[in-house]
Amino acid sequence: MANSSYDIIVVGGGPGGYVAAIRAAQLGMTAAVVEREHLGGICLNWGCIPTKALLRTSEIKHLIDNAEAFGLSVGDVSFDVKKIVERSRAVAKQLNQGVGHLLKKNNVDVVMGTGELVGGGKLAVTDDDGKTSEMKAKQIILATGARARSLPGLEPDGKLIWTYKEAMVPDAMPKSLLVIGSGAIGIEFASFYSDLGAGVTVVEMMDRVLPVEDEEISGIAQMAFEKQGMTIHTGAKVTELNTGKDNVTAKIEGADGKASNITVDRVILAVGITGNVEDIGLENTKVEVDRGHVVINEWMETGEPGIYAIGDLAGPPWLAHKASHEGIICVEKIAGEKTHSLDTSRIPGCTYCRPQVASVGMTEAAAKEAGHDVKVGRFPFLGNGKAIALGDSEGMIKTVFDAKTGELLGAHMIGAEVTELIQGYTVGKTLETTEAELMATVFPHPTLSEVMHESVLDAYSRAVHF
């Protein structure tokens, strides 16, 4: 430890924590990051990034399986699970090292250890050898992230019943798999394993998959997943998991109350996350915890002066880009910079399954419930030349506008590369764009982005190509 006193100490080196520390350094403050495990946090090491590496493999496998449609002849395709996992871990390692380089470049000290608030702006840091030292800062930002939630009677064992962590490093490809929960994490793993040949069953307690998405998009997604061979149970719950020598028998209670059993090789629990609020000294403060997350105001301030919380620790939406943005806002507010509070309606969400799903803003139902008179536009990828040329014309883009003002209330997408396209609507919402600007914008041809334009035109009965 080069110093023991700083302007800002950030507890947690994930996408919220390390970005906050770098921004603090840019603004002339002395900053340190205390990290107990690995820089980059869960997102970089065990979440966002390595899962995308896995999904890239399954995407390529899918393309090879359909090579004949592109005029290519390919023999029998095999894969090596060990090498797939090794590539994913190598990607994570490369970025982990990159974060370390960025912190060093910005003169941010990195202290490896577990931080605990002890009051008076002090932090006790215990390293892996059990040695404890004290650090002090004018301001302390908690960015300790979150972990997988488990349900009573459905606890993971790390061998047959997995969390996302074990699901990322299988030692063999299961022939059958049960995924409990159909949010982004559950569906991404379902998509990965299904495309590599596993028989996948998904159980979702809500009445549809991807329940935070627009209902229409959820319906298209479910049809796509079932067409791919997945078995989907919605309005259902898993009430028992009984492990055998190398399999698990699950009791599923359907929406009609009837129960049935299935036996699978492995189970993935994807039923949400809970904040890492334990063992960080919150009991020594006035910080309030509600349902596993630290309570904050619009500037990420907690109930304890000088203590802030950002990212997954501070609650939904549980997204890396939300954490990073909160970190920047928090630090800029501390520094007295002109900044803004976070408008969660402008935060995009992405699910990297096949087909991809992305959205920003209100769903059609939420907009109507909020009292908006809406205009809704829809345009299918089937009407787009680039999508047809790619051989990937499944899905559509849906836009929701306020009929009186033309405000873009929400955009909902399912199809090819929509996780890249969504930023266009996100920028539009930040600029408070109306339909007039979007209609007047020239979209390049031939691109998938033209579907975005046509969806806007359709909301005002002006769609051209379908």
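Modeller: Searching the whole structure, which is a predicted model, turns up one disulfide. A disulfide is a covalent bond between the sulfur atoms of two cysteines. Here the partners are Cys43 and Cys48, with a distance of 2.2 Å from S to S. The torsion about the S-S bond of Cys43 and Cys48 is about -130 degrees, and the disulfide is therefore left-handed. As for cover, Cys43 has a relative accessibility of 16% and counts as buried, because buried means under 20% relative accessible area. Cys48, at 29% relative accessibility, counts as partly exposed.

Cys330 takes part in no disulfide. The nearest cysteine sulfur to Cys330 is that of Cys43, and it lies 19 Å away. Cys330 is itself buried, at a relative accessible area of 1%.

Cys350 is another case to look at. The closest cysteine sulfur to that of Cys350 belongs to Cys353 and is 11 Å away, which is too far for a bond, because a disulfide requires the pair of sulfur atoms to be within 2.5 Å. Cys350 also counts as buried, with a relative accessibility of 17%.

To put the pieces together: the one disulfide of the structure is the link between Cys43 and Cys48, while Cys330 is in no disulfide and the sulfur of Cys350 is too far from that of Cys353 for a bond.

Conventions:
Residues numbered from 1 in each chain as written. Predicted model: local features only at pLDDT ≥ 70, side-chain atom pairs only at ≥ 80, totals over all residues. Heavy atoms only, no water. Buried < 20%, exposed > 50% of the residue type's maximum accessible area, 1.4 Å probe, protein only.
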